[in-house]
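This briefing presents one protein structure for a reader who is new to the subject. Please keep the sequence and the model in view while reading.

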Amino acid sequence: MSDLRLALYQPDIPQNAGTLLRLSACLNVAVDIIEPCGFVFDDRKLRRAGMDYLDHADYVRHVSWPAFLADLRARGRRLVLLTTMGEQRHDRFPFAPGDTIMVGRESAGVPPEVAQAAQARIRIPMRIGPRSLNVALAAALVTGEALRQLGGFPDDDR
């Protein structure tokens, strides 16, 4: 298991959450799901996106933002927020072991108090015009860069 974690702040779209849980299973990155979710967690759409990978995903459901934040601080982990308003590009950001990369809600991102709690706010460089990438795509892209920097990809024994 990689020491890197991915946090989903109150996800709205079950297909994105399922896709990121599938990423967890394939890349060995644990996921923190910060509730409330905008869907029933058992939703068939979540299962369809995650397929049979959900049984192999390592995830923890947190009942609220304060519960997640208390757990994060107790473990001494750095919170890295992926946001369109990030000060630093993700490809120039030095990821560290123990980082938790957080993505916001598809519909609204994160509230200001959540953004302020992050030790770093990063963004994906994009051309001018489009607003943002899909949250699952963005999380996968940044998780991949963090794993590359940290040598955290699973061993490929093929």
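Predicted model: local features only at pLDDT ≥ 70, side-chain atom pairs only at ≥ 80, totals over all residues.

Which residue in β7 does R89 stand opposite? The residue opposite R89 is R123, in β7.

- Seven strands form an open sheet with parallel pairing, in the order β3-β2-β1-β6-β4-β7-β5.
- Strands β3 (59-62) and β5 (88-89) are the edges of this sheet, since each of them pairs on one side only.
- The pairing of β5 with strand β7 (residues 120-123) is parallel and consists of two bridges.
- β7 also pairs in the parallel sense with β4, here over three bridges.
- Within that pairing, L81 has R121 of β7 as its bridge partner.

- Helix α5 (residues 135-150) lies across β1, β4 (79-82), β6 (100-103) and β7.
- Relative to β6, helix α5 runs at about 165°.
- The length of α5 can be checked: at 1.5 Å a residue, its 16 residues should span 22 Å, and the end C-alpha atoms are 22 Å apart, so the two values agree.
- The buried residues of α5 are V135, A136, A138, A139, V142, T143, G144, E145, A146 and L147.
- The cover over these buried residues includes β1, α1, β4, β6 and β7.

**Loops and backbone features**

- A cis peptide bond, with omega of about 10°, joins E35 and P36.
- P36 belongs to the loop between β2 (30-34) and α2 (44-50).
- Q10 is a residue other than glycine, yet its phi is positive, near 40°.
- Q10 is placed in the loop between β1 (5-9) and α1 (14-27).
- Q10 counts as buried because its relative accessibility is 14%, and buried means under 20%.
- N28 is not a glycine either, and its phi is also positive, at about 65°.
- The loop that holds N28 is the one between α1 and β2.
- N134 is found in the loop between β7 and α5.
- With a relative accessible area of 35%, N134 is partly exposed.
- N134 and E106 are 28 residues apart in sequence, and their C-alpha atoms are 7.7 Å apart in space.

**Aromatic rings**

- In general, a pair of aromatic rings is described by the distance of the centres and the angle of the planes.
- A search of the whole structure finds three aromatic pairs.
- In the pair of Y9 and W65, the ring centres are 6.1 Å apart and the planes stand at 75°, so the arrangement is edge-to-face.
- Y9 lies in strand β1 and W65 in helix α3 (residues 65-74), so this pair ties together parts that are 56 residues apart in sequence.
- Are Y9 and W65 buried or exposed? Both of these residues are buried.
- Another pair is made by F93 and F95, with ring centres 4.9 Å apart and planes at 80°, so F93 and F95 are also edge-to-face.
- F93 and F95 are both buried.
- Ring pairs also link Y9, W65 and F68 into a cluster.

**Cysteines**

- How many disulfides does the count give? The count comes to zero disulfides, where a disulfide requires two cysteine sulfur atoms within 2.5 Å.
- C26 counts as partly exposed, at 44% relative accessibility.
- C37, with a relative accessible area of 18%, is buried.

Technical notes
Residues numbered from 1 in each chain as written. Heavy atoms only, no water. Helix = DSSP H or I, 4+ residues; strand = E, 2+ residues; numbered from the N terminus. Buried < 20%, exposed > 50% of the residue type's maximum accessible area, 1.4 Å probe, protein only. Pairing = 2+ DSSP bridges. Contact = heavy atoms within 4.5 Å. Axes fitted to C-alpha atoms, helices over the stretch in contact; angles between N-to-C directions. Phe/Tyr/Trp six-rings, centres within 6.5 Å; stacked < 30°, edge-to-face > 60°. Expected span 1.5 Å × (residues − 1).
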